[in-house]
Amino acid sequence: MFSSRVRWRRARMAAWACAAACVVALVTAGAGFVAPLARAWTVSKMPVPQVSNGKLAGEACTSPAACWAVGFSDGPGGTSRTLVAAWNGASWSIQASPDPKGARGAILDAVSCPASAVCAAVGSSMNGSATAVPLAETWDGTSWSIQPVPVPAGSFGAQLTGVSCSAVNACVAVGYYENLNFEEYSQAFAETWNGSAWALLPGTTPSSIESALDAVSCSGPGACVATGWYASTGTRVPLAESWNGSAWTVQSVPAPGGSALYSASLTGVSCTAATACTAVGGYSLRTRPYPDRTLAESWNGTSWTIQSTPDPVRHDGLAAVSCTAADACTAVGSYSDSSGEQHTLAEAWNGTAWTVQGTHQPTGVSASSLTGVACGTVDSCSAVGWSNYSSADQSGVPRTLALTRTGTSWAIAAVPSPHGSPGAQLGAVSCPAPHTCVAVGSVAEVWNGSGWKLLRLARPSGATAVNLSGVSCVARNACTAVGSYQDSSGHQLTLAESWDGFGWRVQSAPSPPGAASSLLSGVSCAAASACMAVGSYQDSSGHQLTLAESWDGTSWDNQPTVDPADARNIALSAVSCTAATACVAVGQYQQVGYGYPYRPLAEAWNGTTWSRQQAPGPQGSTMNAVSCVTVGSCVAVGYAGAHPLVLTWNGTAWSKQLLRLPANSYEAFLGGVSCPAAGDCTATGYADQYSTGNSVTLGESWNGTAWSQQPTPDPRGFQTVTLGSVSCSGADTCTALGTVGQMMPNFGPGAPFAAQRH
């Protein structure tokens, strides 16, 4: 199994390819010389919508009228901050909770309250070196305060994910850290609180490549059980350990599925006695498409036993559990319905069987999940989590969610969400003039030469989420943008919008007949009444095929494309048109056999039909962007293996070039290219560095003879800084879209910025 950093990095490597090679749901050494730059790149900030947002992750109650829930929200600057909500029996309210000084993000994952005036909450924060460190806060009945937490030796990033207090001066917290001595694989660890200080506990874990503890429950100061997972052969299996006050003992836990098991984890545990614990989580088998299933196991003081749990539809999972007795437990989580929509899930244990209980989610949401639960009595429980809302300002904004149960009936309890910015995705930019640019994504923004301004996107009737992935402007007041939207049934449909300088207006862009889902990823307009958009769609059999649509000033029409034979996951990611009858589109496909490697794809439009062009490239190549100056002069960029890949078209054939890697980098990618004239191209992307594992921006320029690397800006204080789409309105006048973020999970989705050379 991979560490969180490795998993994140590999997922990001495929992100640009997946933007076109995947039908998205709404939820790489050549030679060159370094030439001097005429002008330097500068960074400009881009505004993002300010809306209510937040997620609640864990909950604890001392009575039906006293509960605390913890989580995180994104503040005005887009940085994650701790979140605490309190329940007084009638309503939820936000309590002030501190964030570590100088932290670039902070979250709380779990909370435990042994008394009404005593609580302990744990999580993690991102320090000034962009490393995750454990975070612990205590409640004294009046305010929350941060307590120092020691870090395991040899760790690179550590997070606490579970806590349980059996007394006001007896708490145990568990989590995991990245171990530099084991290639950054995660290792489980635990800490103890004695009422005045936290201290590391000696650890005992099974022989494994990776391990992590997600939850802990203590029935007494010397009686705790912690659960999570470990991997020793590439398969994750459930992990449980018991603490007797002086040492941990690994318990034998049965894994579901036998040899077919792909992954299993116990993410929640509740013990009413040292000999009575219930743990819940989820697992998946080695069957495509790896559907998730609920998992529950019970401990009787001697052994763990798997309990049969119902699975409502598919992709089911339980996140947390609370037991008031060995035969009275409530577990919560989520499941996906047949349309792919995520819903809250609650199940109850009566000592004999688990049964699904009906829950509710607010209206107008695209997804919801329960991640924490606390029960005071058999008939009184409270659960918390989050829902993804869609609004005119932001798509898929997470907001806090709370439910209460009396008897067997669950009801929504209003819980406030703090105001801030959950970030915005901007994936494409077009600059028709030196002082005019339009950028689109989940929002739209315009550059007027001195600053960026938010624009309100139009929304198709019934749309729950909107995302634009391509834009082309032929004038200041004439832009066309394409992408996709999600309807109320969860279906993804093609979307096109036009900008007239005052507002956006939806254009009818038909999806292919019989398409299960469709997406437009790039667009190019030779004139306001002559545009071509490309992307992909999924047919009724689940096959992904290329998609092209043309605009004649009145309507969009599907234009048949030519897909490679014996291929899968075929998609077009970008297009460039020099005239209404001359367009070139690029993308990628997976060649069947030999591990299904990606290959470059290129197609040409002559005004009547599309034809395939032979595009060379090593195995594992993808094309992300293309720019044509004339019918016989195009440049396409992407990546191949670890190197930036450039393909050039001379009117007859494509030729390839692998660019050299930046110093101290082990892989690099190009996501955008713009050529305002022959012999004048700028390509942008990012590179991953050896010394830190962080990503930095990458700029390349073409002078007609050779490519040379350009110094590009990197906003400080972030682990990941990338450049994607770029648009040049003239020689040495370019704007590129960038994103800053963190590699650690839950520290916000990052924030957009613009790199400009004017």
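**Disulfides, a salt bridge and some strands**

Modeller: The link of Cys-218 and Cys-224 is right-handed, with 105° about the S-S bond. This is a predicted model, where local features need pLDDT of at least 70 and side-chain atom pairs count only at pLDDT 80 or more, while totals for chains, interfaces and linings use all residues. Residues are numbered from 1 along each chain as its sequence is written, and side-chain values use heavy atoms, with hydrogens and water left out.

Colleague: How far apart are the sulfur atoms of Cys-218 and Cys-224?

Modeller: They are 2.0 Å apart, and the pair forms a disulfide (a pair of cysteine sulfur atoms within 2.5 Å).

Colleague: Are Cys-218 and Cys-224 buried or exposed?

Modeller: Both Cys-218 and Cys-224 are buried. Buried means under 20% relative accessible area, exposed over 50%, and partly exposed in between, with a 1.4 Å probe and protein chains only.

Colleague: How many disulfides does a search of the whole structure find?

Modeller: It finds 14. Among them is the disulfide of Cys-473 and Cys-479, with 2.0 Å from S to S. The torsion about its S-S bond is about 105°, so the disulfide of Cys-473 and Cys-479 is right-handed. Cys-473 and Cys-479 are buried. Another pair is Cys-577 and Cys-583, with sulfur atoms 2.1 Å apart. The link of Cys-577 and Cys-583 is right-handed, at 105° about the S-S bond, and both cysteines are buried.

Colleague: Switching to charges. How many salt bridges turn up in the whole structure?

Modeller: The search finds 1 salt bridge, meaning a side-chain nitrogen of Lys or Arg within 4 Å of a carboxyl oxygen of Asp or Glu. Asp-732 pairs with Arg-757, and their closest N and O atoms are 2.7 Å apart. Asp-732 lies in the loop between strand 56 (720–730) and strand 57 (733–741), and Arg-757 lies in strand 58 (residues 751–757), so the pair ties together parts that are 25 residues apart in sequence. Strands here are DSSP runs (E, at least two residues), numbered from the N terminus.

Colleague: What are the relative accessible areas of Asp-732 and Arg-757?

Modeller: Asp-732 has 17% and is buried. Arg-757 has 3% and is buried too.

Colleague: New topic. How many residues of strand 29 are buried?

Modeller: In strand 29 (residues 397–406), 7 of the 10 residues are buried, which leaves the strand mostly covered.

Colleague: In what sense does strand 29 pair with strand 28, and with strand 30?

Modeller: Strand 28 (residues 380–389) and strand 29 pair in the antiparallel sense over 10 bridges; pairing requires that DSSP finds at least two bridges between two strands. Strand 29 and strand 30 (residues 409–412) are also antiparallel, over 4 bridges.

Colleague: Which residues stand opposite Leu-403?

Modeller: Ala-383 stands opposite Leu-403 of strand 29, and in strand 30 the bridge partner of Leu-403 is Ile-412.

Colleague: Last one. What is the order in the open sheet of 4 strands?

Modeller: The order is 3-4-5-6, with antiparallel pairing. Strand 3 (55–63) and strand 6 (92–95) stand at the edges with a single partner strand each, so one side of each is left without a neighbour in the sheet.

Colleague: Which residue in strand 6 is the bridge partner of Trp-87?

Modeller: Trp-92. Strand 5 (residues 80–87) and strand 6 run antiparallel and are joined by 4 bridges.
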